[in-house]
Structure formats: C-alpha cells, structure tokens
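Have a look at the model first, then run through the notes below.

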Amino acid sequence: MPELRTDRLLLRRWRESDLEPWAAMNADPEVREHLGELLTREQSDAVVASMQAAFDERGFGWWALESRQTGDFIGRVGLDEVGADMPFAGVDIGWRLRRSAWGHGYATEAALACLAFGFKTVGLPEVIASTTVTNVRSQAVMRRIGMTRDPADDFEDPSVPEGPLRRCVLYRLAAPL
C-alpha cells in the first residue's frame, strides 16, 4: 500500500492504534448522519480488515488519514469499486473524518491526492462520488475537487432502506487529458 503525502496529511496503511478512534467515529451520530446506523467496535474492526484486504488485492482502496503536524488519526479517504447492486459502475472516491477535523479543508486536500493517484498511478478513466441529497458538506467537497453533477444521474440507493438516506446524488470527474 503506497503512502501519499500532502502539505498537511499522510494517507497511509491502517494501524492497530487507528481502531479505537475509527470505532469512535463510527459510533458518533453526527459522523454517521448521512451513512446510516451506528457501528459497534467489532463491526468497525471488520471494516478495517476488509478495507486493507481490498487495497492489497486491487492496489487501491481506503487509506487511514493522519495529520502530519500532530500524528493524530483523523479519518479515512480513498477509492473503492462501486458495488454490483448500484445503478452505475466505476470507481468511487470518498472520505470520512472525525468531527474535530471538519471545516479545515482536509477532505478536499486528501481527495485531491486520491484523485491524482487514481488517474496517474491506477490509470482510471473516471472517478465518481455519491452521497445523500442532504449531505451538502460532501457535495461541496465534490465540487471543490472539480467533480460535476447531472441531476439525471441521481438515484435511489438500493442498499438503503426507505427513508431520508435513500435518495442520492452522483458526481463525476473524467481523467485529465
């Protein structure tokens, strides 16, 4: 798993010391507001194991996100293949940060590093991103990193039960020429 560095962030392999703050994020109702149910520690640990295995298999995936200034774990960022149950295909970019890291531009900075890796190293022709229609903060990040939305691509997430989290928006960004 390659490490990526930005001015303020380190995108790196997951460590044992990340498991507790990751679980705390997944148990935080504000962090999970647009994601669904809270996760237990066991569920959070299983997600990390799955993310690491997928990265090792594909050569891309979810990095742990660390502040270079403090060394603190602040979340995750990465690229993931879209599930077969979705109404579109491709590679999705995403991020999830602990609340104390919100509003500092970290998601944008980390996402730009992921995009560069995806386009230059992996050779992806396009990267997509999706979120709930109500997640305006993530949609703002999508726009800041150059992604665009066609409302005709918006969709109902088949993996989500009926309710406010089911309706989603889809953003796209083609690889630079």
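**Charges, cover and contacts**

D154 has a relative accessible area of 12%, so it is buried (buried means under 20% relative accessible area, exposed over 50%, partly exposed in between, with a 1.4 Å probe and protein chains only). This is a predicted model, where local features need pLDDT of at least 70 and side-chain atom pairs count only at pLDDT 80 or more, while totals for chains, interfaces and linings use all residues. Residues are numbered from 1 along each chain as its sequence is written, and side-chain values use heavy atoms, with hydrogens and water left out.

**Salt bridges**

- D154 forms a salt bridge with R149, and their closest N and O atoms are 2.3 Å apart (a salt bridge is a side-chain nitrogen of Lys or Arg within 4 Å of a carboxyl oxygen of Asp or Glu).
- R149 is partly exposed, with a relative accessible area of 37%.
- The count by this rule comes to 17 salt bridges.
- Another salt bridge joins the side chains of D28 and R99, at 2.5 Å from N to O.
- D28 is buried at 12% relative accessible area, whereas R99 is partly exposed at 41%.
- E126 and R172 also form a salt bridge, with the closest N and O atoms 3.1 Å apart.
- Here too distant parts of the chain are linked: E126 sits in strand β6 (residues 126-132) and R172 in strand β9 (residues 167-174), 46 residues apart.
- E126 is partly exposed at 28% relative accessibility, and R172 is partly exposed at 27%.

**Around D18**

- R12, R15, D18 and E66 are linked in a network of salt bridges.
- D18 lies in the loop between β2 (9-12) and α1 (19-26), and it counts as buried because its relative accessibility is 1%.
- A polar atom of the D18 side chain lies 2.7 Å from the backbone nitrogen of R15.
- Leaving aside neighbours within four places in sequence, D18 is in contact with R12, R13, A64 and F73 (contact means heavy atoms within 4.5 Å).

**α1 and its cover**

- Helix α1 is largely enclosed by the rest of the structure, because 6 of its 8 residues are buried.
- Those buried residues are L19, P21, W22, A23, M25 and N26.
- Their cover includes α2 (41-58), β4 (73-81) and β5 (91-97).

**Strand β5**

- β5 is mostly covered, with 7 of its 7 residues buried.
- V91, I93, W95 and L97 point one way from β5, while D92, G94 and R96 point the other way.
- In a regular strand the side chains alternate between the two faces of the sheet.
- β5 pairs with β4 in the antiparallel sense over 7 bridges (two strands pair if DSSP finds at least two bridges between them).
- D92 in β5 stands opposite D80.

**R32**

- R32 is found in the loop between α1 and α2 and is buried, with a relative accessible area of 8%.
- Not counting residues up to four places away in sequence, R32 touches M25, N26, E37, L38, L39 and R96.
- The R32 side chain reaches the backbone oxygen of E37 at 2.9 Å.

Definitions and conventions. Helix = DSSP H or I, 4+ residues; strand = E, 2+ residues; numbered from the N terminus. Polar contact = N/O pair within 3.5 Å; in protein donor to acceptor, adjacent residues only side chain to side chain.
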